[in-house]
Every structure is written in C-alpha cells, then in structure tokens.
Amino acid sequence: MSERITIDARGAFCPGPLMELIAALKTRQIGDEIEILSSDKGSVTDIPEWCKKVKHDCLSVDEKEGYWSVLVRKAK
Amino acid sequence: MTKQILIIGGGVAGTIVANGLCRQIGPELTSGAVAITMLSASDKHMYQPGLLYLPFGKIRESELFRDQRKVLDKRVAFFVDPATNIDVKAKSVTTQSGKKYSYDYLVIATGSRIRPDTIPGMEEGAHWFYDLDGARKMRDALNDFKGGKIVVNVNAPHKCPVAPLEIVFMLREYLAAKGIENTEITYTYPIGRLHALEPVANWAGPEFQRYGIKSEVFFNTKSVDPKKKTITSEEGVTLPYDLLVTIPPHSGQQVIMDSKLGDGGWVPTNKQTLLREGSDDVFIVGDTTNIPISKAGSTAHFEADTIVDNLASLIKEQQWSRNYDGKVFCFLETGMTTGTYVWFNYVTPPNPAPPSQAIHWFKLGYNRLYWLSARGLL
C-alpha cells in the first residue's frame, strides 16, 4: 500500500528542499508519494529537473500563498 | 515523588542538556525532587569536528576524547547501557542489559550514524573521515598517495554540511605543501550547485575555478566499483578515481527504527518546541530530529539550550519558556590557514563572512573551547 508524506521545508536554508527530498526518498517504498512544501522559488525548477534526471515522477508543482507544493512519486 | 528526567545519548546534545539542567535546577536535584539519568553507548565523549583534522596530522587522537563521566556534572546518574527500545506510551525505555527505565520527561539525543553499507561497493572502495576508524584509514591513504585523481563525493543526508567543502580545500593545500602536483580533485554534490546553502555555493564556485578543482553536480551515488576504481551516479555519470573520499549517507540510530519512532531513524519533531510530534513529555534534540535544518554540532547546541530552558521552566514553574528559532552556526575552513563562518535561522538567510586567518585561528581555539560548551559553560 503506497503512502504519502509531507515535508515542510519552508524557510529551510540548509540542506534545503531538494536535499530533504533526496534524503526522504531513501526511506520510502516505490510508489510512495512525497509532497515538499518550499518557500524557495528555485524548487519549482530544480526538483522537477532532478526527478527527470534520476527518473522519479514529479506529479505536480502548485503555487500556494507564499510557497510552493511539489508532489513527487518514488518510481524506482 | 521524584520526577525522572531520562536522557538517551551522550553526545554533544545530550551532554549539554544534562549539564545545563544541573546548572538551572540545582535545588530540585539537591532536594531529590528531580533526578537526571543518562544512558549512553560509550564511556567516552568524542569531539567529532576534530576528525576533519586527523587525516592531515593536524590533531592528536587523544585530543578528541574525554571520559564522559568527567564531562558530565556529578549529579547526573550515568550508565553505559544503550537503549534498545523506547515505549512512549508506557513512558519506559529498555536497555541492552535488559533494564527498564521509566521517566516523566524523556530527551532523545541518539544522533546519527554513517551508512556507507547502503551503497554497493562504498565500504570497500572509499575513504571517509566521519568516524575514528575511517579518519585513521584516510590518514594512511593520504600518506601513501603519490598523485592522481581524487574524487570527493557527497551524499545525502549527512551531518556537518560544510565539512565536504572544507576537506576539498584542505586536501588541495595539503597536497600542494607536500609537492604532489599531478593531482586532479573532482567534487560531486547531490543537487545542482556546489552546496545546499546558495551563498556558500556562490562563494565556492570561483574558489574552485581559482584552484582548478572540478565539480560534478546532480550526482547521487548509485555504486562504487572498488576493482575498476570508479564511482557511478543515479544520473548516469561514472568517474574514475585513484583516491575516493566520501561523505557517506547517514541514518538515525537503530533504536529509533526498532521503536517505530521515525523513518530512517529521524523522529518527527515540532521545529519550534522540539517536542516529539504527538508527545508533550518527549523532547528530541540534535541529529535525531527530522527538522529540515542542518545536522550539525551547533544545531544540537542551540536546540539543547532551548530544551534546558523549557525543562527547567516546566519543572520550576509549570511554564513554557521559549521556542527554538532554528539557529545554526558553522565555521568553514577555507584552507589550512584561513576560515570563514556562516549563521542563519528560520527567518534569517545565511551570508558567509570573507575568509580570514583570524576566523581560522578562532576555529582552532574552539576545538579546545568545545569542552566548555559540553559542560554547559559556553
């Protein structure tokens, strides 16, 4: 059964949203979804770019009020 | 009835909490209203940041260690008997020897550990300086190194976020001083820049150019081939090496996983109160939290100070004192003779100071002053 977790990385300067995602993926099962909340606009491009490189699924990027929500599914 | 404060873990975080509490609740300890107990896996306390200097012969092993009993306030009951199970519902901790400890307040400070075993070939093919045995082996490898390709490989998650850059600059200067010129250093990093902190990455870029240090970003390690001496990334890049220095991925401790307190050994923690999510009597401190900030000694120190204030206030006045503001402070060696520093919190972005000899000397001074921090005096 796939699970979904949320990482609130808003205001996280170090290690930052993408590093948090990379670390979290190591603890999850294939098919699990991770929602990253980020106040860094760079996440809008660098998370999808990284997912494309390593072949995880970036399902959505949504702008919220003052932050972004990026949803990723572990694919391998 | 004596209130029991139980601290699991004798690293920097647990030790500062224990000693800081002793300074704030002395009368309660003397009267027997409160007792503090610490469980640790070792009778030694190690100054972990000192490991960075060991491969270069810049620090003696004996300088890294003190007897934990001597670092701790005498009023703390100390046992070398690591926790094997934590039951937050029953408010009980079981140890390796089979003893059970109940508590009124629990502080979990079990820390993190390196996991080179999670990447195929890494244990056999790589060197690291994040534990004593690894730092010794790296020192031997550097003594034997005659030149060639060095890869400095960074994996996530890891503690001490600036150490990977420090080792690059120190390696370059160390090898140049030894007259080993025929060396190429390549630094790999998991995300699309040289460091998680953007201002640090922006500073490091021109420094790398100046010294001819190569880099490979978006490099998440898939495997190491010790026979072919290559390292390959999930992104499909393979690099040859003569000497591989890795910052291995970390995880939390097994007891956290076995107690089902958090994936990867990281405990879900409120980033302001430092209470375990769902508990009002369990504090989490240092590397053990899942808070999305740097895993570093300074983080542990500032978190520990916050917990000391809150526990003391709760015991003395049944009041909450203050929230953690996310403060992190890191020194950054930029070579063998210069250094800089960076600090930030939840709302203040980092801005590295210009490198200087004075900051380097201050860091060397802190390598000694650390023992005052651990005692809760600094």
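Trainee: How many residues does the contact take from chain B and from chain A?
Mentor: This is a predicted model, in which local features need pLDDT of at least 70, side-chain atom pairs count only at pLDDT 80 or more, and totals for chains, interfaces and linings use all residues. Residues are numbered from 1 along each chain as its sequence is written, while chains are lettered from A and ligands numbered from 1 in the order in which they are written. Two residues are in contact if their C-beta atoms, placed from the backbone, lie within 7 Å. On that criterion, the contact takes 24 residues from chain B and 20 residues from chain A.

Trainee: Which residue of chain A is joined to Pro15(A) by a cis peptide bond?
Mentor: Pro15(A) lies in the loop between strand E1 (4-8) and helix H1 (17-25) of chain A; helices (H or I, at least four residues) and strands (E, at least two) are DSSP runs, numbered from the N terminus. The cis bond, with omega about 10°, joins Pro15(A) to Cys14(A).

Trainee: Is Cys160(B) buried or exposed?
Mentor: Cys160(B) is in the loop between E11 and H7 of chain B, and has a positive phi of about 55° although it is not a glycine. A residue is buried if 20 or more other C-beta atoms lie within 10 Å of its own, exposed if 12 or fewer, and partly exposed in between, with C-beta atoms placed from the backbone. Cys160(B) has 22 other C-beta atoms within 10 Å, so Cys160(B) is buried.

Trainee: Is Lys55(A) buried or exposed?
Mentor: Lys55(A), also not a glycine, has a positive phi of about 65° and is found in the loop between helix H2 (43-54) and strand E3 (57-63) of chain A. Because 11 other C-beta atoms lie within 10 Å, Lys55(A) is exposed.

Trainee: How far apart are the end C-alpha atoms of helix H10 (residues 297-317) of chain B?
Mentor: The expected span of a helix is 1.5 Å times one less than its number of residues. The 21 residues of H10(B) should therefore span 30 Å, and the distance between the end C-alpha atoms agrees, at 30 Å.
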